[in-house]
Amino acid sequence: MGADTASALIATLEGDRLGGILPATDERVLLAFQDKQIVGSCVYAARGSVAYVWGCYVSQAVQRSGIGRRLIRQILNANSGAERLQVTGLWASKSATGFYTALGFKVVDQVEFELLPNCKQPALVMDAFVADLAAD
């Protein structure tokens, strides 16, 4: 994605508020901590029977430790009325695609995801019925 894009994304997190990554009022951010450090985050919004997930990241140092799975489970717990979860992940992130596939998500669409104004990246939309998601 390039150093300029990465720097611009990080700049949205600087300061006292996460508002820069939450463009709508119904979106929420989950944070995972380890030793008082943020090691994971997930942005989501429940709209009707679907909980939409995007911006789900786990620090490379703690990947494959269950943190990502716990973040997804927390979204399910917070949105007990959701029948489906839908995630949008960058096409280039093969590890994320593998993670969601292992949980039970299936690719339903390919889109251009706007990371920042005028910065679009190919992305996959993946969908799962809550009842079909892999258990902990």
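Author: Let's begin with a cut-off: a residue is called buried when its relative accessible area is under 20%. By that rule, buried residues make up 34% of the 136 residues in the chain. Keep in mind that this is a predicted model.

Reader: What elements does the chain have, and in what order do they run?

Author: The chain has 3 helices and 6 strands. Starting at the N terminus, the order is α-β-β-β-α-β-α-β-β.

Reader: Which residues make the contact between α2 and α3?

Author: Helix α2 brings Gly68, Arg69 and Ile72, while α3 brings Phe99, Tyr100 and Leu103. By type, the residues of this contact are 4 nonpolar, 1 polar and 1 charged. Gly counts as polar and Arg as charged.

Reader: What makes up the largest nonpolar core?

Author: That core has 25 residues, and Cys42, Val53, Ile75, Leu85 and Phe105 have the most contacts inside it. Two or more residues come from each of β1 (28-34), β2 (37-47), β3 (50-58), α2, β4 (84-90), α3 and β6 (119-129). Helix α2 gives the largest share, 5 residues. In soluble globular proteins, nonpolar side chains tend to be buried together.

Reader: What does cysteine 42 touch, leaving aside its neighbours within four places in sequence?

Author: Quite a list: Arg28, Val29, Leu30, Val53, Trp54, Gly55, Cys56, Leu71, Ile72 and Ile75.

Reader: How do you know whether glycine 40 is buried or exposed?

Author: Glycine 40 has a relative accessible area of 3%, and buried means under 20%, so glycine 40 is buried. Its place is in strand β2. Not counting residues up to four places away in sequence, glycine 40 touches Leu30, Leu31, Ala32, Tyr57, Val58 and Leu71. Its C-alpha atom is separated by 6.0 Å from that of serine 59, which is 19 residues apart from it along the chain.

Reader: And what makes the phi of aspartate 35 worth a remark?

Author: Most residues other than glycine have a negative phi. Aspartate 35 has a positive value, near 50 degrees. Arginine 64 also has a positive phi, about 70 degrees, although it is not a glycine.

Reader: Where do aspartate 35 and arginine 64 lie?

Author: Aspartate 35 is in the loop between β1 and β2, and arginine 64 in the loop between β3 and α2. Exposed means over 50% relative accessible area. Aspartate 35 has 72%, so it is exposed. Arginine 64, at 87%, therefore counts as exposed too.

Reader: Why does serine 93 count as partly exposed?

Author: Its relative accessibility is 26%. Buried needs under 20% and exposed needs over 50%, so serine 93 lands in between and counts as partly exposed. Serine 93 sits in the loop between β4 and α3. The C-alpha atoms of serine 93 and leucine 124 are separated by 9.6 Å, with the two residues 31 apart along the chain.

How values were computed. Residues are numbered from 1 along each chain as its sequence is written. This is a predicted model: local features need pLDDT of at least 70, side-chain atom pairs count only at pLDDT 80 or more; totals for chains, interfaces and linings use all residues. Side-chain values use heavy atoms; hydrogens and water are left out. Contact means heavy atoms within 4.5 Å. Helices (H or I, at least four residues) and strands (E, at least two) are DSSP runs, numbered from the N terminus. A nonpolar core is a set of buried Ala, Val, Leu, Ile, Met, Phe, Trp, Tyr and Cys residues joined through side-chain atoms within 4.5 Å. Buried means under 20% relative accessible area, exposed over 50%, partly exposed in between (1.4 Å probe, protein chains only).
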